[in-house]
Amino acid sequence: MPRPQGSSVGDFDGSTRKYLIGGNWKCNGTIESVNALVKILNEAGPIPANVEVVVGVPAIHIGLVLSTLRDDIEVAAQNCGANAKCGAYTGEVCATQLVDMGVTWVILGHSERREGFEMAGEDSELVAKKTKVAVDAGLKVQFCIGEKKEEREAGITMDVCSKQMEPLAKILSTEDWAKISIAYEPVWAIGTGLTATPEMAQETHAAVRAWIADNVSKEVSEKVQIQYGGSMKGANVQALLEQNDIDGGLIGGASLKADFVNCINGAP
């Protein structure tokens with residue numbers, strides 16, 4: 001059964017970067033609540049032509065969402081394995097399995113997975129390896145980076161972010177970067193209600209773009225979308241997206257509510 005048809009409004013001539021509005025549902029949702037959220041998105045009206053939308057769905061609900069969500073909102077997994085092929089990897093989901101289902105994106109390197117929760121966290125080398133496996137399988141990747149509160153206060157934000165990106169720059173080809181977005185998420189702002197000011201976020205986004213220019217290529221740096229994550233919501237989305245180097249958001253709490261529609265429509 002085909003997915004409901006979406007619609008767009010406005011024009012996009014391709015001369016600038018599109019805004020990428022990503023939702024991260026994390027480990028949330030029942031069949032009932034997921035159906036209710038899909039209904040909100042399906043009834044949200046046309047999506048601005050200069051905006052791409054993707055929702056990161058818990059693995060258990062991916063099949064449901066892929067069968068009911070409007071076709072102009074893409075679906076992301078929240079993780080995939082480092083294994084390039086299916087096999088004896090109990091509990092893992094292979095990137096090729098996600099592609100086979102119709103998933104087009106995956107979120108990798110989120111701070112919650114880097115830190116770990118009652119388990120060992122994922123280091124930057126592992127996140128980079130998983131990213132390469134995902135890209136080779138045909139997925140696009142929202143690659144997360146970001147500093148903790150004490151690191152921000154110590155003035156080492158870019159030291160932290162650059163170390164998280166270094167293994168990625170080493171393992172990806174220039175062509176691979178067409179399937180990558182960078183999601184800058186200051187860890188101290190995730191789920192706390194705290195948000196970097198638009199100026200603070202812009203400063204880091206500009207520094208990340210400059211790092212990519214120096215360590216990958218200027219062409220890649222000009223094309224790559226850099227999302228902001230960290231308590232983005234309808235009330236602050238416009239001020240954030242007005243900044244030159246903020247190309248969207250990776251949104252947690254607000255993506256579980258109708259306010260996510262405000263984030264989609266908040267792009268300049």
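Student: Is Ser-231 buried or exposed?

Tutor: Before answering, note that this is a predicted model, in which local features need pLDDT of at least 70, side-chain atom pairs count only at pLDDT 80 or more, and totals for chains, interfaces and linings use all residues. Residues are numbered from 1 along each chain as its sequence is written, and side-chain values use heavy atoms, with hydrogens and water left out. Buried means under 20% relative accessible area, exposed means over 50%, and partly exposed lies in between, with a 1.4 Å probe and protein chains only. Because the relative accessible area of Ser-231 is 17%, Ser-231 is buried.

Student: Which value does phi take in Ser-231, and where does the residue lie?

Tutor: Ser-231 sits in the loop between strand S9 (225–228) and helix H10 (237–241), where helices (H or I, at least four residues) and strands (E, at least two) are DSSP runs numbered from the N terminus. Most residues other than glycine have a negative phi. In Ser-231, however, phi is positive, near 60 degrees.

Student: Glu-118 also has a positive phi; is Glu-118 buried or exposed?

Tutor: Glu-118 has a phi near 55 degrees, and its place is in the loop between helix H4 (111–115) and helix H5 (124–137). Because its relative accessibility is 87%, Glu-118 counts as exposed.

Student: Where is Trp-177 in the chain, and is Trp-177 buried or exposed?

Tutor: Trp-177 belongs to the loop between helix H7 (157–171) and strand S8 (180–184). Because its relative accessible area is 4%, Trp-177 is buried.

Student: Which residues are in contact with Trp-177, leaving aside its neighbours within four places in sequence?

Tutor: Contact here means heavy atoms within 4.5 Å. With the neighbours within four places in sequence set aside, the residues in contact with Trp-177 are Leu-168, Ala-169, Leu-172, Ile-182, Ile-212, Val-216, Val-220 and Val-224.

Student: Which residues touch the most other members of the largest nonpolar core?

Tutor: A nonpolar core is a set of buried Ala, Val, Leu, Ile, Met, Phe, Trp, Tyr and Cys residues joined through side-chain atoms within 4.5 Å. The largest one holds 64 residues, and those that touch the most other members are Phe-143, Trp-177, Ile-182 and Tyr-228.

Student: What is the volume of the second largest pocket, and which residues are the closest to its centre?

Tutor: On a 1 Å grid over the protein atoms alone, a pocket is an open set of points with protein on both sides within 12 Å along at least five of seven lines, whereas a cavity is a set where a 1.4 Å probe fits but cannot get out; lining residues have an atom within 4 Å of a point. Grid points are joined across faces, edges and corners, and a volume is the space filled by probe spheres set on the points. The volume of the second largest pocket is about 350 Å³. Of its 15 lining residues, the closest to the centre are Trp-177, Ala-178, Lys-179, Lys-223 and Val-224.

Student: Which element gives the largest share of the lining of the second largest pocket?

Tutor: The elements that give two or more residues to this lining are S8 and helix H9 (218–223). The largest share, three residues, comes from H9.

Student: Which residue meets Lys-223 in a salt bridge?

Tutor: A salt bridge is a side-chain nitrogen of Lys or Arg within 4 Å of a carboxyl oxygen of Asp or Glu. At 3.1 Å, N to O, the partner of Lys-223 is Glu-219.

Student: How many salt bridges are there, and which residues are linked in a network?

Tutor: By this rule the count comes to 16 salt bridges. One network of salt bridges links Arg-17, Arg-209, Asp-245 and Asp-247.

Student: How much space lies in the largest cavity?

Tutor: The count comes to one cavity of 30 Å³ or more. Its lining includes Leu-41, Pro-46, Arg-70 and Val-261. The space in the largest cavity is about 50 Å³.
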